[in-house]
Amino acid sequence: MAKPRDVLVIGAGPAGLAAASAARERDIEVEVAEAAQSVATSWRSHYDRLHLHTTRRLSGLPGRPIPADAGTWVSRDDFIAYLEDYARGLPIRFLTRVERLDREDGTWHARTATDEIQARQVVVATGYNHAPHIPDWPGRDGFTGELIHSSRYRNPESYRGQEVLVVGAGNSGAEIAADLAEGGANKVWIAIRTPPNIVRRNVGPMANQHLGIAVHNLPVGFVDRVSLLMQRATIGDLSRHGLRSPRKGAYTRILEDEQIPLIDVGFLALLKAGRIQVVPALEKFDGAEVFCGDRRLRPDAVIAATGYRRGLESIAGHLDVLAPGGRPLVHAPRAHPKAPRLYFIGYTNPIVGNLYEVARVARRLAGVMAAR
């Protein structure tokens with residue numbers, strides 16, 4: 001059996017690459033195991049028009065900023081190119097899916113389909129958007145139209161002239177609805193269960209992310225009140241367009257529901273122009289019909305922007321380190337007492353921005369691992 005590595009990182013997305021690079025800066029022996037054949041797998045599956053909702057300056061990983069020519073709001077393709085460049089020189093084993101982690105005699109054993117990797121410390125970074133999730137709506141399998149998860153949507157070309165229902169009012173749902181409306185869909189509905197908190201991408205000359213960083217240590221109730229006041233001032237009353245004001249403030253939604261605010265990049269203008277119509281939450285399918293509250297629709301296609309699951313149960317579910325919903329109970333740079341030297345990074349979506357948080361945590365985690 002080969003000598004155990006100092007650190008094994010599972011996953012070559014932004015969080016895994018950040019953790020590996022920060023560890024290398026501390027002269028820690030590290031290896032990355034990636035199930036796919038390239039880095040940034042989940043980013044490659046996002047829709048074409050996607051841009052980061054966090055600024056270029058606040059989205060770079062440890063040791064290397066995103067190039068200035070990528071602009072303030074970095075496109076999906078530019079971010080993938082950045083991650084590919086960032087990964088050069090890191091020891092990555094592609095097409096290596098870790099199926100289970102076990103700890104024996106103080107060493108972690110990462111079992112793959114073909115072998116076993118031993119490491120003193122393990123960083124799990126398989127991604128926040130790991131396993132696409134579509135709810136098991138009644139009648140779903142009998143729907144005669146097209147039903148896809150938003151991870152399979154690329155652009156509006158194949159939906160020209162069609163009537164499309166987008167389910168979910170997170171950033172993906174809102175942007176896909178806007179993309180469809182601008183790209184020639186005949187009609188676009190968006191099904192919303194809980195009214196989202198909505199913010200402008202910029203507040204005057206300042207990116208909204210800067211405000212999130214400024215307030216993230218303040219009391220949650222105070223930040224909630226400020227966020228609701230700002231929404232009234234900058235977004236206004238959308239009730240006549242079918243969108244009620246949210247009951248919870250932005251910070252509470254992030255902490256309790258893992259729901260970051262909807263960052264407007266064109267959705268509101270199309271909503272107000274009537275090119276996107278809000279309908280109640282999807283309840284069931286019946287052949288060609290979709291029931292959304294008291295509305296009965298006959299869309300050609302339904303795009304479910306209904307989120308992802310972390311997909312950690314097979315790797316670590318037996319270790320008692322996951323909450324009932326599959327999220328890690330403890331996040332890096334700390335480890336759960338039941339799993340010493342096992343760290344989870346990238347499984348939060350904080351008010352400061354996921355990539356900003358990943359970079360911060362990766363540096364702190366490298367210090368912790370170097371000390372051990």
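On a 1 Å grid over the protein atoms alone, a cavity is a set of points where a 1.4 Å probe fits but cannot get out, and its lining residues have an atom within 4 Å of a point. This is a predicted model, in which local features need pLDDT of at least 70 and side-chain atom pairs count only at pLDDT 80 or more, while totals for chains, interfaces and linings use all residues. Residues are numbered from 1 along each chain as its sequence is written, and side-chain values use heavy atoms, leaving out hydrogens and water.

**View 1. The largest cavity and its lining.** Here you can look into about 40 Å³ of space (the volume filled by probe spheres set on grid points joined across faces, edges and corners). Its lining includes Pro196, Ile198, Gln231 and Arg244. By class there are five nonpolar, three polar and two charged residues (nonpolar: Ala, Val, Leu, Ile, Met, Phe, Trp, Tyr, Cys and Pro; charged: Asp, Glu, Lys and Arg; polar: the others, Gly among them).

**View 2. The second largest pocket.** A pocket is an open set of points with protein on both sides within 12 Å along at least five of seven lines; this one holds about 470 Å³. Of its 26 lining residues, His331, Thr348, Asn349, Pro350 and Glu357 lie nearest the centre. Helix H10 (354–371) gives the most, with six residues (helices are DSSP runs of H or I, at least four residues, numbered from the N terminus).

**View 3. Where H1 meets H10.** Contact (heavy atoms within 4.5 Å) involves Ala15, Ala18 and Ala22 of H1, among others, and residues of H10 including Leu355, Val358 and Arg363. The contact residues comprise eleven nonpolar, no polar and one charged.

Terms used. Helix = DSSP H or I, 4+ residues; strand = E, 2+ residues; numbered from the N terminus.
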